[in-house]
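Trainee: Could we go through this model together? I have a few quick questions.

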Amino acid sequence: MVQRMVMAVMVCLFLCNMALAQKISKVDFDDIKKKVEDVQSPYYYPNLVKRYQYFDSTLRKADFLCLYYGHIFQKNYDPYGGDDNETKCVEQFRIAKYEQVIKFGEKALAQNPVNLKVLYRVIVSYDRLNNRYMANRYARFYFPMIDCIMASGDGKSKKTAYVVTDPSDEYEVLNHLDLRSFRQSLDGDTDILTIDTSDQRPMIGKALIREMYFNVSKPMQRLTHSMKGKE
């Protein structure tokens, strides 16, 4: 009996350790967590955010990696939560009210600097208003974070899925690649997007992209955690 209990505890501990393992595709969340929570680290998250807010042009790939994926360790991480400023930003973008898009978008980014959906709309709005200077300033943050996602895997399978911190970022990647999807399905912790091939123009020697895989384990974990808190 005692032996069985010991065995059960060992299995439990093993499963817990597996659950705590933070390596997903090519993203080492253990390492990122350590960096963004260390006050002495150059990647300490509050300092990265300040540099972002001051449009620091010296931010590099490693900084953006910690900025984008380090967001999941912040108290305000809520990928499925509502944000009034984000909602208004998207609504105003739909009706081409670009001044309002910027107004609400910049408020939303003050709360969540890695909100790619908002960031993209702010960039486009500044561009449509012929303010290329500000459009370029924000673009210098948007595209490196897209690059971080695309470096996290190759999107061709569950094992090598792109890793996102917000499901809406999947569509930012598609937009970046000039692709469209017409179906979405969830397989465990992976979103599978079926890609429209009707007007794809693949590079010579490259096959058409028919499916794209995105790992959404972090958003799902956050959703499960928030739901438990409401029980």
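Trainee: Which residue in S6 does Leu 193 stand opposite?

Mentor: Leu 193 stands opposite Met 212 in S6. Keep in mind that this is a predicted model, in which local features need pLDDT of at least 70 and side-chain atom pairs count only at pLDDT 80 or more, while totals for chains, interfaces and linings use all residues. Residues are numbered from 1 along each chain as its sequence is written, and side-chain values use heavy atoms, with hydrogens and water left out.

Trainee: How many bridges join S5 to S6?

Mentor: Five bridges join strand S5 (residues 190–195) to strand S6 (residues 211–215), and the two run antiparallel; strands are DSSP runs of E with at least two residues, helices runs of H or I with at least four, numbered from the N terminus.

Trainee: And what is the order of the sheet?

Mentor: The open sheet of four strands has the order S3-S6-S5-S4, with mixed pairing. Its edge strands are S3 and S4 (181–187), each pairing on one side only, where pairing requires that DSSP finds at least two bridges between two strands.

Trainee: Switching to helices, is Val 124 buried or exposed?

Mentor: Val 124, which lies in helix H7, is buried because its relative accessible area is 11%, and buried means under 20%, exposed over 50% and partly exposed in between, with a 1.4 Å probe and protein chains only. The C-alpha atoms of Val 124 and Phe 93 are separated by 9.2 Å, although the two are 31 residues apart along the chain.

Trainee: Which residues of H8 are buried, then?

Mentor: Among them are Met 134, Arg 137, Tyr 138 and Phe 141.
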